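Hello,

Here is the structure for your files. My notes on what was found in it follow below.

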Amino acid sequence: MQIPKSNSRKRRLILPYNKALKELARKLRKNMTASEKLLWNELKGNKLLGFDFDRQRPIDNYIVDFYCKDLMLAIEIDGIVHDNEEAEEKDRARQEKLESLGIRFLRFKDEDVKTDLSEVVRAITNWV
């Protein structure tokens, strides 16, 4: 007996987002950093274990670099603008808010994506 497709998938949680962020997210997708482009090439087209990722996804009042709805996983790439105490505190508060919605996070340094992409992809795959 085959299970109908509509029943074979777990229902996704619909997350709130600020509609005013849609245009900014579009601009960010058009102007991705080098490390975002590198990682996107590994995530797009369901390449990572068949999971679908979005890039520059608005969630609540924030935009995450990459997001997988089925895993409720956000992946962030932190560049040098994140390397100060004020930015780290903002990142922490932002992550806590999104985690309160059930989202889980993986964070990678920009330099790690550029210099050891295979290890970053391996870390994501191991997490999944």
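**Aromatic pair and salt bridges**

W40 and F66 are both buried (under 20% relative accessible area with a 1.4 Å probe, protein chains only; exposed is over 50%, partly exposed in between). The model is predicted, so local features need pLDDT of at least 70 and side-chain atom pairs pLDDT 80 or more, while totals for chains, interfaces and linings use all residues. Residues are numbered from 1 along each chain as its sequence is written, and side-chain values use heavy atoms, without hydrogens and water.

The structure holds one aromatic pair (ring centres of Phe, Tyr or Trp, the last by its six-membered ring, within 6.5 Å; planes under 30 degrees apart are stacked, over 60 edge-to-face, the rest tilted). W40 and F66 form this pair, stacked at 6.0 Å centre to centre with 10 degrees between the planes. W40 is in helix α3 and F66 in strand β2, 26 residues apart (helices, H or I of at least four residues, and strands, E of at least two, are DSSP runs numbered from the N terminus).

There are eleven salt bridges (a side-chain nitrogen of Lys or Arg within 4 Å of a carboxyl oxygen of Asp or Glu). In one of them, E76 meets R94 at 3.1 Å, N to O. E76 lies in strand β3 and R94 in helix α4, so the bridge ties together parts 18 residues apart in sequence. E76 is buried at 3% relative accessible area, and R94 is buried at 11%. Another joins D78 and R107, with the closest N and O atoms 2.9 Å apart. D52, D54, R57 and K69 are linked in a salt-bridge network.

Regards
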